[in-house]
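The sequence and the coordinates come first.

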Amino acid sequence: MGRKCFQPNKTRDITGCRFGNLTAIRFDHRDERVKGGPHYWIFRCDCGKELVARKNAVTSGNTKRCSCCATQRSAEANTVHGGVGTRLYREWAGIIQRCTNPKATSWERYGAKGVTICDEWRSFPAFREWAYT
């Protein structure tokens, strides 16, 4: 007869199973403060860090990597051009504001007088390329 999928009061052994960047190492504990509380497992991320996480958070796909890798991935995903925080980026953002935003402090001297910015320069990477050539 086949393996039972549902075993009351027992946790399914997921040792060695991969979920995203995480591999299940071993069962750690069950939260006894709550009746039928969640099971916590020790997982190893691809970067080598071990973490304790709720089994259902990992198996459902809500948790796919350790916090270090999640932070790094978030930073990579949100980095489009890498210019934020540079002097050139601040200058470019100021030009955009002065020429396009009626609420900007310098609008009266630029946008209100018809000063515009070319479509190409509305993209920071294009503006940066022009500035450095």
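The text below takes the nonpolar cores first, then the aromatic pairs, and then the surroundings of one glycine. The model is a predicted one.

In soluble globular proteins, nonpolar side chains tend to be buried together. The largest nonpolar core here has twelve residues in all: I14, F19, L22, A24, W41, F43, C45, L51, A53, V58, C66 and C69. Three strands, β2 (22-30), β3 (39-45) and β4 (50-54), each supply at least two residues of this core. Strand β3 gives the most to this core, with three residues.

**Aromatic pairs**

The count of aromatic pairs comes to seven.

| Pair | Centre to centre | Angle between planes |
|---|---|---|
| Y89 and W92 | 5.4 Å | 45° |
| F127 and W130 | 5.9 Å | 35° |

Why are Y89 and W92 separated by about one helical turn? The two residues are three residues apart in helix α3 (residues 87-100), so about one helical turn separates them. W92 counts as buried because its relative accessibility is 11%, and the cut-off for buried is under 20%.

The residues F127 and W130 both lie in helix α4 (residues 124-131), three residues apart, about one turn of the helix.

**Around G111**

G111 lies in the loop between α3 and α4. With a relative accessibility of 13%, G111 counts as buried. Which residues is G111 in contact with, leaving aside its neighbours within four places in sequence? They are R98 and C99. The C-alpha atoms of G111 and C99 are separated by 4.2 Å, although the two residues are twelve residues apart along the chain. The other contact, R98, lies over the face of Y110, at 5.3 Å from the ring centre.

Technical notes. Residues numbered from 1 in each chain as written. Predicted model: local features only at pLDDT ≥ 70, side-chain atom pairs only at ≥ 80, totals over all residues. Heavy atoms only, no water. Phe/Tyr/Trp six-rings, centres within 6.5 Å; stacked < 30°, edge-to-face > 60°. Helix = DSSP H or I, 4+ residues; strand = E, 2+ residues; numbered from the N terminus. Buried < 20%, exposed > 50% of the residue type's maximum accessible area, 1.4 Å probe, protein only. Lys NZ or Arg CZ within 6 Å of the ring centre and 35° of its normal. Contact = heavy atoms within 4.5 Å. Core = buried A, V, L, I, M, F, W, Y, C linked by side-chain atoms within 4.5 Å.
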